[in-house]
Amino acid sequence: MNNAAIYYEPSAFHLRGKVMGRQSAGAAFMQAVADARPNRVWCYASARVHAQDCAQTLTELGAPRTGVTWIPFSQPQHLAEPGLLYRPDPGIHADAWRRLTHARPDAYSLCGITHTTASHAVMDVLADLPTAPLQGWDALICTSRSVRDSVQMLVENRIEYLRERTGATRFALPQLPLIPLGVHCERFASTSDKRQNARLKLGIEPDEVVVLFTGRLSFHGKAHPLPMYLGLEANAKTAKIVLLQAGWFAHESIEKAFQADAAALCPSVRCIYVDGRNQDNMKQAYAASDIFTSLSDNIQETFGITPIEAMAAGLPVVVSDWDGYRDTVRDGIDGFRVPTLTLPPGTKLGSDLADRFDMGIDDYDRYCAYTSQLVSVDVEAATQAYRRLIVDPGLRAKMGQAGAARSREVFSWSVIFRDYQRLWDELAERRRADARLAPALTPRRRSERADPFAMFASYPTEHVGPGASFRRHEGIDLAAALSRLELASTSFAKSILPAPALIEALLTALEGDWMPFDVWSAPSPMCPRRRSRPLWSGSARPAFSTSTSNPDRLESSMSLPLNRPRPMLTAKREVVAWIGRALQRLAASPSVDANAVLDASKLGFEFRRQMIDGYLRDHYGLTVQSGPFQGMAYIAEAAGSLYGPKILGTYELELAHIFGQLERYETFVDVGCAEGYFAVGALVAAPHLRTLAFDLDARARQLCAALAETNEVAGRLQIGDLCRPEDLARLASPKTLIMIDVEGAETSLLGSTPAEALSDCDVVVETHYTSAGCTLEFLHAYFSATHDLTIIEQTARDPSAFPR
């Protein structure tokens, strides 16, 4: 599962509580994942506890060593690493909008699957496919030809309307591959001993023929029993027939209706009911039976897994010629399909039923029930099919063997899961090959899921912004401010309100004079985006180097126009004085936590950094002043690292000697490229070079592309999101320089890439002091057999060497 993440909600993968077809399919899918024994499973879930449930489920299913990596719902951009999100329902339209908002359309693929398509919720989802930002590298798996026809009808109707309404002519749609649901065939295999024991426990005589129905016992939502009862009753005059119904009733009134109808319509047939939610009961039912039947007539059904389970158990089947049964059961080979008949499209009665459902006159159950009452199953054909199997044990055995072989060859989960893997690989290739041909989409939120401060922007008197100033209210001390977090009316919102440490720092900084909004408008210095970028390089046998850096370096980036200098902050000298006074008060107070002093210091640093960056932009413009990339035109924003040193040309200057010898290389691979200082700088410095740059941050990739366009080198730059171990091994070749700077993930990337694969190229890697980061010890152990190692220490800067 290295190429897919699972959209994980426990209720979709467990046979607990109310069991429906989608839960059965979800539980079987998880067993298939466990059987594949992947090293890792990506779990996209709303809470860590759900990821833990996923891990526990895999352990219980026989994969205790499979690691589970949690991707929170709030961070969909990280789905770029597995490359695909699989969700066990058709709701990929919502994830397509989240992808457009938080990543980009080609960051990863989406894959859903159909179950029932009769509900309003699902119809709305399917009809929205043409307007959602889905792409040709996304897919909605259709489990049968019938359900694919339903999906296409809804989509085509919506497209036809949009063409008439708006004149639209171009629609990007997901793939609609046909992949059936699967079964774990080994679970249903039986033996003569199991058969004998099961029949004994159920009180079945040797001369009785057992006809089995499994699934929900629902005349309004699954299969009306009348054709089955009448067909079996017609044969009960010449044979002893037992109807074994292994399922469950939604409530007592339905149970009484089944029993009353059976007594009235098939009094000669002995009826046995067992609870089909108990898996031991199900195994016993399949083992004891001679024939399986399911005469479904309901529109909520789309595939129907029970006939395949019966085939896996070696039973011949008698099913209606309806929905997915038409794909799974071969008439006259695995059993018999009984013809069905209903009204044609476009009838007034059909329109009336749709209107009643739409207006709320009928609920979902009644809509399905009323529609199924207008479906006819050929009772005479069912009677004949039952008769042929009841009187001919040899035919039962022949058809049972054919069905068992078909279930193993076509419907086994080991086969189906390989079909999933092939589909996911195909979508990845489509995404790689077709993304550049797709029309560009501007990142945006789904309009009906708007930012509340945008949608309701006209509600307040005014908004916080330039021109606003802040100061502390008289009489408000820290204790009073913090106490308001604990009020019954506010404590529920602690997750979005300022933390106590931040409140303490802000109150201290705001004592005295008014503080203008500009000071606070940059990214919070209390929670900056940290990007430690130490200097460490390595190269294959002639030279390899490294450097270390302080993990507590404070760096941040600001969202600015790509090529427009940002004017220097118009702050007064008093701001610096306020911060100084705040630090003095904090330092002098024994009751204040040291972290508050650090936070106030960070505030001062942030303000000072913004002033310096503004001065450099005003003084030098957007041109790199020195170093190996001197003369490179720059942009007005850095992605996750300091901006000023890049304009000065002193950023990671310890690597200048490496980038001063680019004539030795034909290809530069920059993993963790940020806005492209090295990726694009190398192209500017070496006109013969080509660069492949990677970064998970969508904004960083956007900035990198803009920097390449600014310097007219975009034709030699290829930008990707995630660099996988196989990508790194593929790109490693003679005359290649690789630079890896991925904030502590170097160990994960290199640890999954054999060092021998990099032996022909020079490598530059950064190190970290933290235990979770990439350490010198790891790199020495990893590269010692294939590379000469050189450590490059970070050195102090000489102010006299800076550009004037």
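Tutor: Gladly. This is a predicted model, in which local features need pLDDT of at least 70, side-chain atom pairs count only at pLDDT 80 or more, and totals for chains, interfaces and linings use all residues. Residues are numbered from 1 along each chain as its sequence is written, and side-chain values use heavy atoms, with hydrogens and water left out.

Student: Is Y665 buried or exposed?

Tutor: Buried means under 20% relative accessible area, exposed over 50%, and partly exposed in between (1.4 Å probe, protein chains only). Y665 has a relative accessible area of 6%, so Y665 is buried.

Student: Which residues is Y665 in contact with, leaving aside neighbours within four places in sequence?

Tutor: Contact means heavy atoms within 4.5 Å. On that basis, Y665 is in contact with H688, L689, K735, T736, L737 and D762. The C-alpha atoms of Y665 and L689 are separated by 7.1 Å, although the two residues are 24 apart along the chain.

Student: How are α4 and α5 oriented to each other?

Tutor: Two packed helices are described by the angle between their axes and the distance between the axes. Helices are DSSP runs (H or I, at least four residues), numbered from the N terminus. Axes are lines fitted to C-alpha atoms, for helices over the stretch in contact, and angles run from 0 to 180 degrees between N-to-C directions. Here α4 (residues 120-127) packs against α5 (residues 145-166) at about 60°, with the axes 8 Å apart. The pair is therefore oblique (under 35 degrees is roughly parallel, over 145 roughly antiparallel, 65 to 115 roughly perpendicular, and the rest oblique). M123, L126 and A127 of α4 make the contact with V151, L154, V155 and R158 of α5.

Definitions and conventions:
Helices (H or I, at least four residues) and strands (E, at least two) are DSSP runs, numbered from the N terminus.
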